[in-house]
Amino acid sequence: MIDLREHKQMKTILKMSFKPGFMILAAIVINCALIPANQLFSQNLPVEAKQNLNTPTINPKEGEKASAEYLFSENVGQRISGHCNPLDSSLCYSAQPFPVVEFAIEKRLESVENAAIYQSPLVADMDGDCIPEIIMAGTENFRLNPRLTSGIHILDSQSGETKVYIPTPFYSWSAANSFAIADVDRDGIPEIIVAAADHSSNPSDLRGRLICYNLDGTIKWISDQKFGANVTFGYGGTVALADFNKDGIPEVYIYNEIFNAQTGVKLTDGGNNGTGVSGETPPGGSQAIAIAAKLNGDNSTLELAAGYTIYEVDIVNTNGMQGNTMIPINIEVDGDLRDGFTSVADITGDGHLDVIVASPGIFPNGRVYVYQLNGGEMTLVASATPENGNGSCCWENIGPPFIGDIDGSGQPSIGITRSLRLNTYKYNGTEFLERLWSINTNDHSGQTGMTMFDFNQDGIMEIVYRDEQSLRIINGSVDPPEDLAVFSCFSGTGLEHPIVADIDNSGSSKIVVGCADFITQRGKMAVFSSPIENQSWAPSRGIWNQYNYHVFNVNDDLTVPVQQKNNATYANGAFNNFYVQASLLNEEGTFLQRVSNLSGTIECINYDIETDQFVVEFSLFNERDASLSAPAEVKVSFFMNNPETNGSLIGTYSTSESISPGDTLRSLSFSFDQSGNFDTLFMLINLDGTLLDGPLKDDDYILLECSYENNIISNHFIPDFDTVRLQLCVGDTYVFLDSTYSEAGVFDRKILNQSACDSVILHLILESIEVIEDTVSETSCKSYYWETADFEYSESGVYSTLLVDENGCDSLLYLDLTIPKAWSVSVEVGNTCEGEAIGQASFNYQGLDELEIAEIRLNGQVIEPALTISNLESGPYQLEIYDTLGCSEMINFVVDIYEEPLIELPDLEVSCEDETGVLEINVVSGDLEDLQIKWEVGASGPLLFVEEIGEYRVDINSKCSAYSLAAKVYMPEEGQSLNVFIPNAFSPNSDGVNDLFQPYFDPFIEIIEYSLIVMDRWGNKVFESFDPEQAWDGNIKAHKADSNLFLWLLQAEVIYCRESHTLIMVGEVNLLR
């Protein structure tokens, strides 16, 4: 590999990578000029690369007229990102010398569908998958007269099958291409603009219109006006694109008319001046080629050259023609305005673009002439009269001017076809172009074009030309020229020419041209390349978007350049040509080969317990700066320890999937046997470990990469192994990490590190220990407290408890317990009255009869067994009972002296309005429950409800005594005063407190008549009311009274306690403000 950093022209902007021969592309050298890669063919610096996506294909026979939306909706991001650009400055490449080989050619494939072979193919990446498609004219509704066809096929460049077919109106098939391709709205998806013929074969609303198609076949726009206003026939003109006013909105032009490429609105018209027309006939239409270029000498504007006219274009209005101008500057040749096919290049070598026109006419009237615009003045530079062959027709025809360095002199030559003749010329400083050589052809029409390319990198451009019979590869650097290859390829010939492009993004150029099996206007679109077994042809650009193509008329992303570069001056004129594809080789013969950039990580080294193998979990990356996907079957070798010293090969892994730039293959695993001791695992990417011998060299790697710096990865986190031996008691469980074991056995478990990888492999051996059992027997009365179990039992039975032996394991101890029949004794005590000894105790034997009683003792004295003991004095007693089995029970009880209760029955006063009430016996001391209460009226209990006044008696019996009590129920005495409250002051200030003055009567008083008068101190009445609910609010005749003393008089007839009463009351009240 060549280290371009040592090239004398490569300055410091060439970004270094890791090893000589690999670099991140920041510039390339062409003709000793430093050219930033992103400026070579593209307007904008590419951004992030994205993963390639596969594009499905549609065969028109299977899915005729099918929508292409799903084909062209997912991959556009790659074109926008610049990932498809082979000279993307954000990506890395490997500089490789291109070998010089003998030229060889073979036919690689052809289209499945027929093509109108008079139309040149175009190449562009239509679906954004970084693999260009071939775009060709269809033969649907093909017509011989007029020479019209319709439809456009988008071909898979690798199979020749039609991906998408777009139906179109009729357009010319015998002239230069009536369609062109560009991303006119900069959305990442290209459009196709078609010039529909102004002919009755088309619908009236589409005749003579430019039509812009989306890739799904829908129409984006139709031009608002017809084209062809200044020619005889409205078809046969070449469609091309440029941004004349550099506003980012491209224009589409045909003849000398310019339209808005985003809307189809006509912007300006050159009028009755040059149109680039070379011939006008009813079958072929007005055949014309015009071209936009920087022609005024100051590189600040873009002009349109069309035959004998250069138009100074000024577009200020993108929505119509008003304000826009095309100022024509014409030149006469031989005293005549000679129109014709137009090309541009710097023929004189003065750094100024010249216009080259091929004007028709029967020899010696045909002309090829060169002129120049400088300072608004036109200058004829030189001319020539190309010869015809000795054919029988088409003598007046002439082909479009081809421009290129044919002889390797560094000076461009002009190639012109005529009927049966191919002529080449060079400028020699005189007014006459010098003919280099002239050869015979088999092209009677005399209008076919050509191209050239140095396919085998021998420093000599090969001319690619196809006539009616053959595709010819010609060495034009010698006189007479030599045919390097001749391949059978028939055509009736029109203006079509072969094109050169890297049609499949393989890094190898191909030739695309229409071929028929016999001379006809229909055939197949054929692809030619170097034979598969040979060295591929030199790499080239993968775009040819319009018939009159040169490398600066379109960006790599198919947008139209805002600032179109000047072919004459850019890169010291390295691209000073026309109808010539750009090579990706520099003048040193090296090319920046797209390569992957692999790296990886070892996530874990684990241990598979079942297989007793190590398992390496790893990932492989193709770094984001890679310019090529890594293929499937990348080798990854694993070593125990360092392979460059004493490491030993474990094995080699091969990937099964490709890895796109920026993508990762995750969750990969490689297993190997656990054998030998090692402290570090080495992973070598892109290496076959079986072929290594000593220190690693770049040649050891299988695939070319940007850098091999990241291809060796090591990991020293090898799992350790340890053995743990434990004893397990039978019936117990043992928790080990996240598992629980209950039986003896051998178990393997893992301990993970912080990365969740295996750290330690533990070998667990569990041994079981049996349970020890023992039994004790006991007999006990009533219950038995087992101290070992810390529990008291009351029934016979066998009981067990767990103990821990010297091994820490459980042992079982059984208790065989016998408890005789259970019995119990309860006592009921009858207390004695004061001064008497009549207390008694009654006993209840449960589960024990008199025959089973052996002895009874009361306060230590043996007594006869009995159910009741009477005549007990007050005091404490202890009773002991023994049965015949020696079991006993002790009961303590007390005989108390009964205390007489203290009882009261108070009289009850009832209301005169309601004579009902409740008499209640009050127990001052003693227990109410010990009393038996019987009222004289028959009721019982401490409460008696009464409904009338009178005397009530009650009899009460206690345990030791009997009582008889009486109480009176009475009403208040007659004449008791009535309760009427009258306030002596109030404050009517609306605070809610004492705001009103009025009398307040006891609720038991019934008011029959009522009168309240309030007077001032002079006796004037200020308030009077006959309603006891109406109060004085302190107002006098609706006015607030001042603070003062007032007198009041109350008169009322009332009933109280069933008696009538007359009330007359007087008093004073203070009103406070």
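**Cysteine pairs, burial, cores and a sheet**

Guide: Let's start with a cysteine pair: the sulfur atoms of C489 and C515 sit 1.7 Å apart, forming a disulfide. Keep in mind that this is a predicted model, where local features need pLDDT of at least 70, side-chain atom pairs count only at pLDDT 80 or more, and totals for chains, interfaces and linings use all residues. Residues are numbered from 1 along each chain as its sequence is written, and side-chain values use heavy atoms, with hydrogens and water left out.

Visitor: Why is the link of C489 and C515 called a disulfide?

Guide: The word means a pair of cysteine sulfur atoms within 2.5 Å. Here the gap is 1.7 Å, so the pair qualifies. The structure holds three such links. The others are C92 to C706, also with 1.7 Å from S to S, and C604 with C757, again at 1.7 Å.

Visitor: What makes these links left-handed or right-handed?

Guide: Look at the angle about each S-S bond. C92 and C706 have 80 degrees and are right-handed. C489 and C515 have -100 degrees and are left-handed, and C604 and C757, at -65 degrees, are left-handed too.

Visitor: Where in the chain are C92 and C706?

Guide: C92 is in strand 5 (residues 92-97), while C706 is in the loop between strand 48 (681-685) and strand 49 (712-715), 614 residues apart. Strands here are DSSP runs (E, at least two residues), numbered from the N terminus.

Visitor: How do you know whether C604 is buried or exposed?

Guide: Buried means under 20% relative accessible area, exposed over 50%, and partly exposed in between (1.4 Å probe, protein chains only). C604 has 10%, which is under 20%, so it counts as buried.

Visitor: Which residues does L1071 touch?

Guide: Contact means heavy atoms within 4.5 Å. Leaving out residues up to four places away in sequence, the contacts of L1071 include F986, P988, W1032 and F1046. L1071 belongs to strand 85 (residues 1059-1071) and has a relative accessible area of 1%, so it is buried. S987 is 84 residues away from L1071 in sequence, but the two are 6.0 Å apart in space, C-alpha to C-alpha.

Visitor: What makes something a nonpolar core?

Guide: It's a set of buried Ala, Val, Leu, Ile, Met, Phe, Trp, Tyr and Cys residues joined through side-chain atoms within 4.5 Å. The largest one has 68 residues, and F244, Y253, I414 and L433 have the most contacts inside it. Strand 29 (residues 367-374) supplies the largest share, five residues. Another core, of 48 residues, lies apart from it, with M126 and W544 among its members.

Visitor: Why do strand 44 and strand 47 count as a pair?

Guide: Two strands pair if DSSP finds at least two bridges between them. Strand 44 (residues 613-622) and strand 47 have eight, so they pass, and they run antiparallel. One of the bridges has Q613 facing its partner D673 in strand 47.

Visitor: What makes strands 43 and 47 edge strands?

Guide: Three strands form an open antiparallel sheet in the order 43-44-47. Strand 43 (598-608) and strand 47 (664-673) each have a single partner strand, so one side of each lacks a neighbour in the sheet.

How values were computed:
Helices (H or I, at least four residues) and strands (E, at least two) are DSSP runs, numbered from the N terminus.
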